[in-house]
Amino acid sequence: DDLAGLACEDFALSRLIVHHAASDGWQVRTGPLPEDAFDGFPERDWTLLVQDVDRWDRDVAGLLRHFAFLPRWRIDDIMVSFAAPGGSVGAHVDQYDVFLIQGMGTRRWLVDSSDAPDLAMRDDVELKLLRQFNATHDWTLQPGDLLYLPPGVPHHGIAIEAGLTFSVGMRAPSRAEMLVDLAEHLAEALPESQRYTDPDLAPASDPFEIDSSALNRARAAMPAIAPLPDASLVRWLGGFLTRYRSAGEAAASDEVTRPEQLKATLHNGCRLSHHPLARFAWSGLGDEPLLFVNGLALPCPTTQAALICRHSELGMSELAGQPEIIWATLARLVDSGYLFPVEGNDA
Ligand code: SIN
Ligand code: CO
């Protein structure tokens, strides 16, 4: 009852999961739940889960003193679930270490501790459930029992009797989250006056090219990323520079233009114009040459990328004799809205 009450509060993160055993269908409802959410509920096959219960309940928070062998900041929260008999959230993997403590009731845990389990997910359910699950272990937990699961170990808990499970979760930050946060942290300390500079800028041989001097100036502006290889740095820089201070976005089309269809249109005299909001650039520095438009990076041979950048209007007079591959790139840019057809007399 306490858990159900908590699940009705705005501040609590809760989920109610019902398994329709006959069809193996899953129904997920996220909180806050209305007071009558449990009215007329079946006797079996459902679980109510509430996260962060240690924040709202002193007794639950008291469990944490048994975990003093771990740095407190590694512990995320204590999630409490109530499962009716048969209740389960399906076979899944978690990305973090978890200690599952059985409260009242009993629960059967099937665990697959094999070396390289198949982690493919079902695509027919809202929950992240495994398509295949083959247990190597089968344990039934009684009140007071504890099961530790490392990250990435497939598991499936099924309530035998109605019961409570207390999950002490240790969700670790992803490297991506750490990197983004560090970048923001470092950026906060940098004054606006410190910018990318190019006092050595020489007249451009192609004004749309991102060349090695530009890449090295980006390195000089951000010493922390200087060791990154050209290929990953230029892919980022091209995307960033063509998005930087863009005044808006071109409207993408829902349709898919076929390259040969586009070619026929241009043969009829039509031309392709750069969208005024599109910023074009290209670079041959990466592991493959790239054409950049407003953050989009398309593989494209340098000669053709330079051609597309250089002509703010493209028709057959510019495109005749170009390798076939250019038409797929042009079609993609038309669908993204960065190139749009205009009437011309270029037949
Ligand atoms: C539960 O408490 O019902 C599920 C916990 C889990 O498998 O992560
Ligand atoms: Co889990």
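**Helices, sheet, cobalt site and aromatic rings**

Helices α7 and α10 are roughly perpendicular to each other (65 to 115 degrees; under 35 is roughly parallel, over 145 roughly antiparallel, the rest oblique). The angle between α7 (residues 259-267) and α10 (residues 325-336) is about 85°, and their axes lie 8 Å apart. Axes are lines fitted to C-alpha atoms, for helices over the stretch in contact, with angles from 0 to 180 degrees between N-to-C directions. On the α7 side the contact (heavy atoms within 4.5 Å) involves Pro-259, Leu-262, Lys-263 and Leu-266. Helix α10 contributes Trp-327, Ala-328, Leu-330, Ala-331 and Val-334. Helices (H or I, at least four residues) and strands (E, at least two) are DSSP runs numbered from the N terminus.

The model is predicted, so local features need pLDDT of at least 70 and side-chain atom pairs pLDDT 80 or more, while totals for chains, interfaces and linings use all residues. Residues are numbered from 1 along each chain as its sequence is written, chains are lettered from A and ligands numbered from 1 in the order written, and side-chain values use heavy atoms, without hydrogens and water.

Next comes the sheet. Seven strands form an open sheet with antiparallel pairing, in the order β2-β1-β3-β4-β10-β5-β8. The edges are β2 (25-30) and β8 (146-149); each has a single partner strand, so one side of each has no neighbour in the sheet. On average, neighbouring strands are turned by 20° against each other, direction ignored. Two strands pair if DSSP finds at least two bridges between them.

Within this sheet, β4 is largely enclosed by the rest of the structure, because 6 of its 7 residues are buried (under 20% relative accessible area; exposed is over 50%, partly exposed in between, with a 1.4 Å probe and protein chains only). Strand β4 pairs with β3 (residues 46-50) in the antiparallel sense over 4 bridges, and Leu-48 stands opposite Phe-82 of β4. To β10 (residues 163-170), β4 is joined by 7 bridges, again antiparallel; here Asp-77 has Gly-169 of β10 as its bridge partner. Further along, β5 (residues 97-102) and β8 pair antiparallel over 4 bridges, with Phe-99 opposite Tyr-148 in β8.

The cobalt ion (ligand 2) is held at 2.0 to 2.1 Å by His-92 (NE2), Asp-94 (OD) and His-155 (NE2). Donors are N, O and S atoms within 2.8 Å of the metal (3.2 Å for Na, K and Ca), and sites may look incomplete as water is not among the atoms. The donor spacing in sequence is H-x1-D-x60-H.

Last come the aromatic rings. Rings of Phe, Tyr and Trp (its six-membered ring) pair if their centres lie within 6.5 Å; planes under 30 degrees apart are stacked, over 60 edge-to-face and the rest tilted. By this rule there are 11 aromatic pairs. Phe-41 and Trp-46 are edge-to-face, because their planes stand at 85°, with centres 5.1 Å apart. Phe-41 is partly exposed at 24%, whereas Trp-46 is buried at 11%. Phe-67 and Phe-69 have centres 5.9 Å apart and planes at 35°, so this pair is tilted. Phe-67 is buried at 4%, while Phe-69 is exposed at 56%. Ring pairs also link Phe-38, Phe-41, Trp-46 and Phe-82 into a cluster.
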